[in-house]
Amino acid sequence: QVQLVESGGGLVQAGGSLRLSCAASASVSIVSISDMGWYRQAPGKQRELVADISRGNNTNYADSVKGRFTISRENAKNTVYLQMNSLKPEDTAVYYCNAARKSFPRYNYWGQGTQVTVSS
């Protein structure tokens, strides 16, 4: 069973920075063989993709975070990161880590989420 554990969330003032981490507990380097993503869900809104990084290290960002957020992976630590700079109040949400694989063996794992609150 794979567990994804997010950390690094908290309360920060607008303009500040946070770095989220997602550590995968698995017998294999799940991060290196998965497409990894960060999603967020604000109260009353649907969960949305923030950023993802493919197994080939291609990255993709939501327009709202381009130039401010950076996703990266550290395969040796089975961890993926989300560096968030120039935070805005509208970035306030629960942030979730996702590990997915569409080819065999297929899977789709989610973390429990970490709260990010940006005050104005």
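Me: Which residue does R40 pair with in a salt bridge where the closest N and O atoms are 2.7 Å apart?
Reply: That partner is E48, whose salt bridge with R40 has its closest N and O atoms 2.7 Å apart; a salt bridge here is a side-chain nitrogen of Lys or Arg within 4 Å of a carboxyl oxygen of Asp or Glu. Please keep in mind that this is a predicted model, in which local features need pLDDT of at least 70 and side-chain atom pairs count only at pLDDT 80 or more, while totals for chains, interfaces and linings use all residues. Residues are numbered from 1 along each chain as its sequence is written, and side-chain values use heavy atoms, with hydrogens and water left out.

Me: How many salt bridges are there by that rule?
Reply: The count comes to four.

Me: And E48, is it buried or exposed, or something in between?
Reply: E48 counts as partly exposed because its relative accessibility is 37%, given that buried means under 20% relative accessible area, exposed over 50% and partly exposed in between, with a 1.4 Å probe and protein chains only. R40, on the other hand, is buried, with a relative accessible area of 6%.

Me: What does D91 do with R40?
Reply: Their side chains meet in a salt bridge, with 3.0 Å from N to O. This pair links distant parts of the chain, as D91 sits in the loop between β8 and β9 and R40 in strand β4, 51 residues apart; helices (H or I, at least four residues) and strands (E, at least two) are DSSP runs, numbered from the N terminus.

Me: Changing topic: what is the strand order in the open sheet of four strands?
Reply: The order is β1-β3-β8-β7, with antiparallel pairing, where two strands pair if DSSP finds at least two bridges between them. β1 (3-7) and β7 (69-74) stand at the edges with a single partner strand each, so one side of each is left without a neighbour in the sheet. From one strand to the next the twist averages 15 degrees, taking axes as lines fitted to C-alpha atoms (for helices over the stretch in contact) and angles as running from 0 to 180 degrees between N-to-C directions.

Me: How many bridges join β3 to β8?
Reply: Six bridges join β3 (residues 18-25) to β8 (residues 79-84), and the two strands run antiparallel.

Me: What about β7 and β8?
Reply: β7 and β8 are also antiparallel and are joined by six bridges, one of which pairs I71 with L82 in β8. They form a hairpin with four residues between them, and N78 in the turn has a positive phi of about 55 degrees.

Me: Why is β8 largely enclosed?
Reply: Five of its six residues are buried, so β8 is largely enclosed by the rest of the structure. A polar atom of the T79 side chain lies 2.8 Å from the backbone oxygen of K77.

Me: Last topic, which residues touch the most other members of the largest nonpolar core?
Reply: They are W38, L82, M84 and Y95, out of 31 residues in that core; such a core is a set of buried Ala, Val, Leu, Ile, Met, Phe, Trp, Tyr and Cys residues joined through side-chain atoms within 4.5 Å. At least two core residues come from each of β3, α1 (30-33), β4 (35-41), β5 (48-53), β7, β8, β9 (93-101) and β11 (114-119).

Me: Where does Y95 lie, and what does its side chain reach at 2.6 Å?
Reply: Y95 lies in strand β9 and counts as buried at 0% relative accessibility. Its side chain reaches the backbone oxygen of D91 at 2.6 Å, and a polar contact is a pair of N or O atoms within 3.5 Å, where within protein one must be able to donate a hydrogen and the other to accept it, and residues adjacent in sequence count only if both atoms are side-chain atoms. Not counting residues up to four places away in sequence, Y95 touches residues including L20, W38, R40, L82 and M84, with contact meaning heavy atoms within 4.5 Å.
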